[in-house]
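Hi everyone, thanks for coming. Today I'd like to walk you through one structure, and I'll go slowly. Please have a look at it while I talk.

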Amino acid sequence: MIRSPLFYVGDKYKLMEELQKLFPKKIDRFIEPFVGGGSAFLNTQANVYLLNDIDQNIIKIHKFLLSFANQPNKLFDDIFAMINSYDLSCSYLGKTAPDDMKKMYIKTYYAKFNKQSYQNLKNDFNKNKNQILLLYILLIYGFNHMIRFNKLGDFNLPVGNVDFNKNVYKAINDYLNFIKDKKCEFFSQDYCDFLNKIDFRKSDFVYCDPPYLISNSQYCKNWNEMSEILLYQKLDELDKKNIKFGITNLLHHKGKTNTIFEKWSQKYKIYNIKSNYISFNDNTIKADSKELFVINL
């Protein structure tokens with residue numbers, strides 16, 4: 001399995017082995033209206049990938065990484081040069097926090113060591129937000145690898161207890177190896193606008209992992225019941241055109257039930273999947289969460 005180098009908390013990486021078995025065996029165009037970090041497309045074989053997310057920064061990072069598909073060494077050189085210029089730790093290259101700091105802050109020494117350097121990086125990015133390399137390094141070193149901006153449009157995530165390690169290197173390398181010979185197009189539009197512009201073919205497969213209506217995560221803050229209803233109307237339209245689709249969504253979470261999803265899903269095939277929905281607050285997997293995969297095959 002390929003891990004996305006965007007490292008979304010609660011992404012579909014751990015579920016892809018399960019989902020792969022439920023996806024169509026042959027896919028011409030794999031279409032994702034909510035691509036996020038990309039764990040689904042990175043683990044699905046297709047001839048063409050049409051990938052969309054309304055978050056422009058997510059798409060900018062995907063396009064940034066794609067631009068280095070045939071020159072991975074150049075990307076790593078640029079990343080390491082920037083990490084070095086900001087004096088951030090880089091355990092992949094053997095640069096870690098001092099031993100006395102590790103002893104004093106056993107579980108948070110990377111955050112302690114990188115705090116000021118990360119702040120300097122954040123300040124420089126906020127002066128010029130076209131520096132996608134800086135944004136990507138902020139994601140690598142930020143809390144829970146998130147991208148978050150305040151109302152003024154400034155990146156405002158605090159430093160995380162992470163750095164550039166062997167897992168980050170592998171994720172980037174695997175991403176570039178996968179994408180270098182694939183036909184991938186990235187878009188940043190409202191999902192309806194994105195889908196409405198596609199001239200669908202019967203060999204297409206649309207996979208949706210939308211914001212979850214009954215979660216409280218930052219990613220889902222602009223998603224409401226009307227958004228949920230409109231999405232299902234769109235999927236019903238695809239079904240009438242014999243276009244294959246699949247969707248993952250939370251049915252139960254923290255005592256709440258997505259009744260809209262529950263009722264709509266009865267029209268199609270339903271599979272229980274092992275939920276990896278993770279608490280934003282403490283990174284624990286929510287034991288009471290139930291996630292479904294619904295497909296119209």
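Let me start with a question: is Lys95 buried, partly exposed or exposed? Lys95 is partly exposed, with a relative accessible area of 25%. Those words have cut-offs: buried is under 20% relative accessible area, exposed is over 50%, and partly exposed is in between, using a 1.4 Å probe and protein chains only.

A word on where this comes from. This is a predicted model, in which local features need pLDDT of at least 70 and side-chain atom pairs count only at pLDDT 80 or more, while totals for chains, interfaces and linings use all residues. Residues are numbered from 1 along each chain as its sequence is written, and side-chain values use heavy atoms, with hydrogens and water left out.

Now the overall layout. The protein chain splits into domain 1, made of 15–54 + 189–295, and domain 2, which covers 64–170; these bounds come from an automatic or database domain assignment. Taken over C-alpha atoms, the centres of domain 1 and domain 2 are 30 Å apart.

Back to Lys95, and who it pairs with. Lys95 makes a salt bridge with Asp87, and their closest N and O atoms are 2.6 Å apart. By salt bridge I mean a side-chain nitrogen of Lys or Arg within 4 Å of a carboxyl oxygen of Asp or Glu. Asp87 is partly exposed as well, at 44% relative accessibility.

How many salt bridges are there by this rule? The count comes to 12. Let me show you two others. One is between Lys170 and Asp174, with the closest N and O atoms 2.6 Å apart. These two residues sit four residues apart in helix α7 (residues 166–179), so about one helical turn separates them. Lys170 is partly exposed, at 46% relative accessibility. When I say helix, I mean a DSSP run of H or I with at least four residues; a strand is a run of E with at least two, and both are numbered from the N terminus.

The other salt bridge joins the side chains of Asp209 and Lys12, at 3.4 Å from N to O. This pair links distant parts of the chain, 197 residues apart: Asp209 is in the loop between β4 (205–208) and α9 (225–240), and Lys12 is in the segment before α1 (16–20). Asp209 counts as buried because its relative accessible area is 14%, and Lys12 is buried too, at 4%.

Let's follow the chain on into α9. This helix has 16 residues and reaches 23 Å from its first C-alpha to its last, close to the 22 Å expected at 1.5 Å a residue. The expected span is 1.5 Å times one less than the number of residues. The buried residues of α9 include Leu231, Tyr232, Leu235 and Leu238. What do the buried residues of α9 pack against? They pack against α8 (191–196), β4, β5 and α10 (259–265), where contact means heavy atoms within 4.5 Å.

Just after α9, Asn242 takes a positive phi of about 60°. Here is some background: most residues other than glycine have a negative phi. Lys254 has a positive phi too, about 50°, although it is not a glycine. You'll find Lys254 in the loop between β5 (244–253) and β6 (256–257), and it is partly exposed at 45%. Asn144, also not a glycine, has a positive phi of about 55°. Asn144 lies in the loop between α6 (132–141) and α7, and it is buried, at 13% relative accessibility.

Another asparagine to look at is Asn57, in helix α2 (residues 56–66). Asn57 is buried, with a relative accessible area of 15%. Leaving aside residues up to four places away in sequence, Asn57 touches Leu135, Ile147 and Phe149.

Last topic: cysteines. How many disulfides does a search of the whole structure find? The search finds zero, where a disulfide is a pair of cysteine sulfur atoms within 2.5 Å. For Cys184, the nearest cysteine sulfur is that of Cys208, 18 Å away. For Cys208, the nearest is that of Cys192, 10.0 Å away. Cys184 is buried at 13% relative accessibility, and Cys208 is buried at 0%.
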